[in-house]
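Please follow the account below alongside the coordinates, beginning with a charged pair and moving on to a helix and its surroundings.

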Amino acid sequence: MDKITCIAFLLYQSSKNQDIRESAIQLLNGDVTIRDLKRNAAIHAHLVLAESTLRKKTIDKNQVQQFAEEFLLLEV
């Protein structure tokens with residue numbers, strides 16, 4: 001899995017806040033960038049935590065894949 005997908009997954013899993021979850025889905029789909037999210041004060045701390053978690057801990061690739069399959073929008 002690529003870094004952006006993993007960060008989006010960790011961001012989604014880290015919060016019950018609907019705005020943060022929506023931002024994670026937007027990040028997954030390429031609608032926003034990590035740089036854009038870091039500018040948002042409400043999401044910045046969660047994003048830094050997700051990046052830190054990705055560096056320090058291995059995550060279950062199957063869970064990341066399920067997240068991507070569920071929320072990734074494909075346009076034909």
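E51 is buried, with a relative accessibility of 11%, where buried means under 20% relative accessible area, exposed over 50% and partly exposed in between (1.4 Å probe, protein chains only). The side chain of E51 meets that of K38 in a salt bridge (3.4 Å, N to O), a term that requires a side-chain nitrogen of Lys or Arg within 4 Å of a carboxyl oxygen of Asp or Glu. Because K38 lies in helix α3 and E51 in helix α4, the pair ties together parts that are 13 residues apart in sequence; helices here are DSSP runs (H or I, at least four residues), numbered from the N terminus. K38 itself is partly exposed, at 35%.

This is a predicted model, in which local features need pLDDT of at least 70 and side-chain atom pairs count only at pLDDT 80 or more, while totals for chains, interfaces and linings use all residues. Residues are numbered from 1 along each chain as its sequence is written, and side-chain values use heavy atoms, with hydrogens and water left out.

The structure holds 2 salt bridges, and D36 and R39 also form one (3.4 Å, N to O). D36 is partly exposed at 35% relative accessibility, whereas R39 is exposed at 62%.

Turning to helix α2, the buried residues are I20, R21, S23, A24, I25, L27 and L28. What covers them includes α1 (3–13), α3 (34–39), α4 (41–56) and α5 (61–71), contact meaning heavy atoms within 4.5 Å. After α2 comes G30, whose phi is positive, near 80 degrees.

Key
Helix = DSSP H or I, 4+ residues; strand = E, 2+ residues; numbered from the N terminus.
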